[in-house]
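Biologist: Please take a close look at a single part of this model, the sheet and the helices that accompany it. A connected account would be appreciated.

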Amino acid sequence: MKTVIEMLNKATPLPKGFHIRVENAPYMPLVIEGIGPGPRGHRAISVAHYYSQNGDAMRDPEMCFEVETDQEGQIVELYPYYFLNDGLHVEETAVESTGKDLEDNPTFITHTAKLKAQVEFAVEWDKNLNAQGFREAFAKLLPEASPLLS
């Protein structure tokens with residue numbers, strides 16, 4: 001998700017619980033949010049396209065990623081662990097928390113086939129976000145970045 005990484009790095013530092021909505025007609029809005037820790041205990045984000053159906057917010061799709069940062073706080077990688085598509089009634093968790101070990105480290109289970117599928121989907125979705133101009137649409141929001149990152 002190089003496109004999302006680039007967008008978020010331009011808005012760094014990101015507060016916990018940040019919320020960014022990128023409008024880019026004719027495409028569905030892209031929403032990126034800080035959602036707390038992921039199953040491996042690292043900071044996590046949700047990336048989703050939303051549409052409305054009968055007054056409900058529908059995700060098409062939503063993916064959740066754990067975030068790896070460098071020493072300067074720049075995001076260097078996103079690791080998927082969850083996929084949801086409301087319209088297709090598909091929900092898959094590729095990495096699940098199983099609690100903590102005796103030393104208080106997170107423990108988890110990885111579903112290898114689901115993780116591989118999520119990585120492949122994320123690569124294709126990233127290509128689409130880039131081709132559809134979401135990077136440029138986000139750049140137009142940067143002068144207003146403070147209110148966006150609420």
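**The sheet and its helices**

Modeller: Strand β1 pairs in the antiparallel sense with strand β2 (residues 27–37) over five bridges, where pairing requires that DSSP find at least two bridges between two strands. Within this pairing, V22 has L30 of β2 as its bridge partner. This is a predicted model, in which local features need pLDDT of at least 70 and side-chain atom pairs count only at pLDDT 80 or more, while totals for chains, interfaces and linings use all residues. Residues are numbered from 1 along each chain as its sequence is written, and side-chain values use heavy atoms, without hydrogens and water.

The open sheet contains six strands in the order β1-β2-β3-β4-β5-β6, with antiparallel pairing. At its edges lie β1 (19–24) and β6 (90–93), each of which pairs on one side only. Neighbouring strands are turned by 25° against each other on average, direction ignored. Strands are DSSP runs of E with at least two residues, helices runs of H or I with at least four, numbered from the N terminus.

Helix α3 (residues 134–141) lies across β1, β2 and β3 (43–53) and runs at about 120° to β1; contact means heavy atoms within 4.5 Å, and angles run from 0 to 180 degrees between N-to-C directions of axes fitted to C-alpha atoms, for helices over the stretch in contact.

Just after α2, G133 adopts a positive phi of about 85°.
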